[in-house]
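Trainee: I want to learn how to read a protein model. Can we take it one feature at a time?

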Amino acid sequence: MKHVMYAEKSLLLGDDVVDLMMEYAVLLARQSSADSVDVEAIGTDGDQVTATFLIGPATIMVAETARSPFPEPDNDSAETYLKEQIGLIKTPPLAHGLDDVELQGYEDEV
């Protein structure tokens, strides 16, 4: 588990989701872009909460290791989303040219 401090809030999250959020924040900052990510966390009162993180160039987030008696919240969907987005940034899809078939009907507009 990791203790995350963000926007004057303190939450406990699983290691993997925090590591992915940090990596995604760095990549988005390099692109001057932003995104929001919903994650399951444990609040200061010990209750499970859903937290929405705005991640971008101005993100100020600190994570530190933490010992906790609580089980890590399930963030499989958030982790999948983050991995997909990180993959798109690191290896963007290739651009493809238009086939002649797709250009039919556009000759008159040029």
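Trainee: Leaving aside its neighbours within four places in sequence, which residues is Val17 in contact with?

Mentor: First, the ground rules. This is a predicted model, where local features need pLDDT of at least 70, side-chain atom pairs count only at pLDDT 80 or more, and totals for chains, interfaces and linings use all residues. Residues are numbered from 1 along each chain as its sequence is written, and side-chain values use heavy atoms, with hydrogens and water left out. Contact means heavy atoms within 4.5 Å. By that rule, Val17 touches Val39, Asn75, Ala78, Glu79 and Leu82.

Trainee: How many helices and strands are there in the protein?

Mentor: Helices (H or I, at least four residues) and strands (E, at least two) are DSSP runs, numbered from the N terminus. Here you find three helices and five strands. Their order from the N terminus is β-β-α-β-β-β-α-α.

Trainee: What share of the residues is buried?

Mentor: Buried means under 20% relative accessible area, exposed over 50%, and partly exposed in between, with a 1.4 Å probe and protein chains only. Of the 110 residues, 32% are buried.

Trainee: Which residues have the most contacts inside the largest nonpolar core?

Mentor: A nonpolar core is a set of buried Ala, Val, Leu, Ile, Met, Phe, Trp, Tyr and Cys residues joined through side-chain atoms within 4.5 Å. The largest one here has 23 residues. Leu13, Val17, Met21, Tyr24, Val39, Phe53 and Ile55 have the most contacts inside it. Elements giving two or more residues to this core include strand 2 (9–13), strand 3 (35–42) and strand 4 (48–55). Helix 1 supplies the largest share, eight residues.

Trainee: How many salt bridges does the count come to?

Mentor: A salt bridge is a side-chain nitrogen of Lys or Arg within 4 Å of a carboxyl oxygen of Asp or Glu. The count is two. One joins the side chains of Asp19 and Lys2, at 2.6 Å from N to O. Asp19 sits in helix 1 (residues 15–30) and Lys2 in strand 1 (residues 2–6), so this pair ties together parts 17 residues apart in sequence. Asp19 is partly exposed at 39%, while Lys2 is buried at 17%.

Trainee: Which parts does the pair of Glu23 and Lys90 tie together?

Mentor: Their side chains form a salt bridge, also listed at 2.6 Å, N to O. Glu23 lies in helix 1 and Lys90 in helix 2 (residues 76–90), so the pair links parts 67 residues apart in sequence. Glu23 is partly exposed at 28%. Lys90 counts as exposed at 53%.
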